[in-house]
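Here are my notes for your review. Please read them with the coordinates open.

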Amino acid sequence: EEIGHLVEDIRVEELNLRAAELRVLQEQINPHFIRNTLNTIRWMAELKGAVGISKAISAFICMINYSFSGIDHAVSLRDELFYLEKYIYIQKLRYQNLFTYEARVPGELLDAQIPKLILQPIVENSVLHGIAERAEAGSILVTASAADGDLTLAVCDDGIGMTPEKLTQLLSGDH
């Protein structure tokens, strides 16, 4: 009876291992398939003279490559800003140039190592919750500074802002 249980445990473990191997294989194929498909569409647009579409797809491919390459390592501020510019380009298309974007970063800070994908979600919040809700065009500014060995990154926008009550609610954790 005990041998029967052990054999069954081994069988279940082997099935779980095969399922895990299949998931890993699928995760490797999907990003590759997505990139290749987008590249095909980009070249089709290019051949048809649709340069704007080709450029938008190229920016999106760049974003996908950056985000698929893993989030568990630091990147240079230079790389993060390059990726952010691709994101901004796509958002400007989406919102029909509703905002301007500027990055003011001293050259000596461009090689500073920062967590990957740290700026994009903050800029996305600026666009979605500040700028997109305005009646007129807005602006987003990303700055970097260093003092006493600390790097400070800031994302500023001139969006609609929030009420003091909403700020208190967010800071208290009562979302």
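Which residues of α3 are buried? The points below take this up, then turn to the aromatic rings.

1. The model is predicted, so read every value here as computed from it. The buried residues of α3 are Leu77, Glu80, Leu81, Tyr83, Leu84, Tyr87, Ile88 and Gln91. They span an arc of only 165 degrees around the axis, so they fall on the same side of α3.

2. Helix α3 itself has 18 residues. From first C-alpha to last it reaches 25 Å, close to the 26 Å expected at 1.5 Å a residue. Just after α3, glutamine 96 adopts a positive phi of about 50 degrees.

3. One aromatic pair is present in the structure. Its partners are tyrosine 66 and tyrosine 83, and the pair is stacked. The centres lie 4.5 Å apart, with 20 degrees between the planes. Stacked applies because planes under 30 degrees apart count as such.

4. The pair links distant parts of the chain. Tyrosine 66 belongs to helix α2 (residues 51-68) and tyrosine 83 to helix α3 (residues 77-94). The two tyrosines are 17 residues apart.

5. The cut-off behind both calls is under 20%.

6. Tyrosine 66 has a further neighbour to check. Lysine 116 lies over the face of tyrosine 66, at 4.7 Å from the ring centre.

Technical notes: Residues are numbered from 1 along each chain as its sequence is written. This is a predicted model: local features need pLDDT of at least 70, side-chain atom pairs count only at pLDDT 80 or more; totals for chains, interfaces and linings use all residues. Side-chain values use heavy atoms; hydrogens and water are left out. Rings of Phe, Tyr and Trp (its six-membered ring) pair if their centres lie within 6.5 Å; planes under 30 degrees apart count as stacked, over 60 as edge-to-face and the rest as tilted. Helices (H or I, at least four residues) and strands (E, at least two) are DSSP runs, numbered from the N terminus. A charge sits over a ring if NZ of Lys or CZ of Arg is within 6 Å of the ring centre and within 35 degrees of the ring normal. The expected span of a helix is 1.5 Å times one less than its number of residues. Buried means under 20% relative accessible area, exposed over 50%, partly exposed in between (1.4 Å probe, protein chains only). The arc is that of the directions from the helix axis to the C-beta atoms.
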